[in-house]
Amino acid sequence: MSDRQIVVSNSSPLIALDRIDQLGILRILLGEVLVPPAVVREVFEDGAPPPWIRQVTPSTQLET
């Protein structure tokens, strides 16, 4: 069993690390990062994220 925890990210850290060409550091540190579909659209636009960034649809919605 891995001792790594599940990590869910919003777009800000992904955009910032990509701008300085260090997005891969998250893979080294975390292994896998989960993101909602909106983050994939915002960060990667029409392209696909790297395979270690996994798109996951939230299973519940927050009430506003």
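Predicted model: local features only at pLDDT ≥ 70, side-chain atom pairs only at ≥ 80, totals over all residues.

Me: Why is Gly 24 called partly exposed?
Reply: The relative accessible area of Gly 24 is 38%. Buried would require under 20% and exposed over 50%, so Gly 24 counts as partly exposed. Gly 24 sits in helix α2, residues 24–30.

Me: What makes Ser 9 count as buried?
Reply: Its relative accessibility is 11%. The cut-off for buried is under 20%, so Ser 9 counts as buried. Ser 9 lies in the segment before α1, which spans 11–19.

Me: Which residues is Ser 9 in contact with, leaving aside its neighbours within four places in sequence?
Reply: With those neighbours left aside, Ser 9 is in contact with Leu 14, Val 33, Leu 34, Val 35, Pro 36 and Val 39. Contact here calls for heavy atoms within 4.5 Å.

Me: How do you know that the buried residues of α1 are on the same side?
Reply: The buried residues in α1 are Ser 11, Leu 14 and Leu 17. They cover an arc of only 140 degrees around the axis, and therefore they lie on the same side of α1.

Me: What covers the buried residues of α1?
Reply: The cover includes α2, β1, α3 and β2 (53–55).

Me: What makes the 12 residues a nonpolar core?
Reply: To belong to such a core, residues of the nonpolar kinds must be buried and joined through side-chain atoms within 4.5 Å. The largest nonpolar core here has 12 residues, among them Leu 14, Val 33, Val 43, Phe 44 and Trp 52. Two or more residues each come from α1, β1 (33–35) and α3 (37–44), and α3 gives the most, with four. In general, nonpolar side chains tend to be buried together in soluble globular proteins.

Me: How do you know that Asn 10 reaches Ser 12 at the start of α1?
Reply: A side-chain oxygen of Asn 10 comes to within 3.2 Å of the backbone nitrogen of Ser 12. A polar contact needs N or O atoms within 3.5 Å, so this pair falls inside the limit.

Me: How many helices and strands does the chain have, and in what order do the elements run?
Reply: The chain has three helices and two strands, and from the N terminus on the elements run α-α-β-α-β. Of its 64 residues, 25% count as buried.

Definitions and conventions. Residues numbered from 1 in each chain as written. Heavy atoms only, no water. Buried < 20%, exposed > 50% of the residue type's maximum accessible area, 1.4 Å probe, protein only. Arc of directions from axis to C-beta. Polar contact = N/O pair within 3.5 Å; in protein donor to acceptor, adjacent residues only side chain to side chain.
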